[in-house]
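Visitor: I am new to reading protein models, and I would like to go through this one slowly. Could you show it to me?

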Amino acid sequence: MKVGIIRAELQVPGSRSLKEKRHAISSLKDQLHSRFKVSVAEVDHQDMLQRAAIGVAFVASDGKNAESRMTNLVNFVENFTGAVVLAIDKEILHEH
């Protein structure tokens, strides 16, 4: 069993209110959850107008599947038009 974890630091440049930022981030979270069947949460910068951080987690049966899912998730986040990626940290944890 492998566990994939992603933390994405995002900027929402067009956001003029927390409501606008939440709308953009909620859209990203909903799309990730429905398309990739992963757990997603906003994990930092909730009170900032144009910054957000999301955490994504998933479980995979093997390393090849985990790497493939990780690549697809990162590509999706990087191509999301509602926010700009400032940084992405990713890790695959291996069962001992």
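Visitor: Which residues does lysine 2 touch, not counting residues up to four places away in sequence?

Guide: This is a predicted model, in which local features need pLDDT of at least 70 and side-chain atom pairs count only at pLDDT 80 or more, while totals for chains, interfaces and linings use all residues. Residues are numbered from 1 along each chain as its sequence is written, and side-chain values use heavy atoms, with hydrogens and water left out. Taking contact to mean heavy atoms within 4.5 Å, and leaving out residues up to four places away in sequence, lysine 2 touches Phe58, Val59, Ala60, Asp62, Gly63, Ala66, Ile92, Leu93 and His94.

Visitor: Is lysine 2 buried or exposed, and what is its relative accessible area?

Guide: Buried means under 20% relative accessible area, exposed over 50%, and partly exposed in between, with a 1.4 Å probe and protein chains only. Lysine 2 counts as buried because its relative accessible area is 18%.

Visitor: Which side chain does the side chain of lysine 2 join in a polar contact?

Guide: A polar contact is a pair of N or O atoms within 3.5 Å; within protein, one must be able to donate a hydrogen and the other to accept it, and residues adjacent in sequence count only if both atoms are side-chain atoms. At 3.2 Å, the partner of the lysine 2 side chain is that of histidine 94.

Visitor: In which strand is the place of lysine 2, and what is the order of the strands in the sheet?

Guide: Helices (H or I, at least four residues) and strands (E, at least two) are DSSP runs, numbered from the N terminus, and lysine 2 lies in strand E1, residues 2-11. Two strands pair if DSSP finds at least two bridges between them. The open sheet has 4 strands with antiparallel pairing, in the order E2-E3-E1-E4. Its edge strands, each pairing on one side only, are E2 (39-44) and E4 (84-94).

Visitor: How many bridges join E1 to strand E3?

Guide: Strand E3 covers residues 51-60 and runs antiparallel to E1, and within this pair glutamate 9 stands opposite alanine 53 in E3. The number of bridges joining E1 to E3 is 10.

Visitor: What pattern does the protein chain follow along the sequence?

Guide: The protein chain has 2 helices and 4 strands. Read along the sequence, these elements give the pattern β-α-β-β-α-β.
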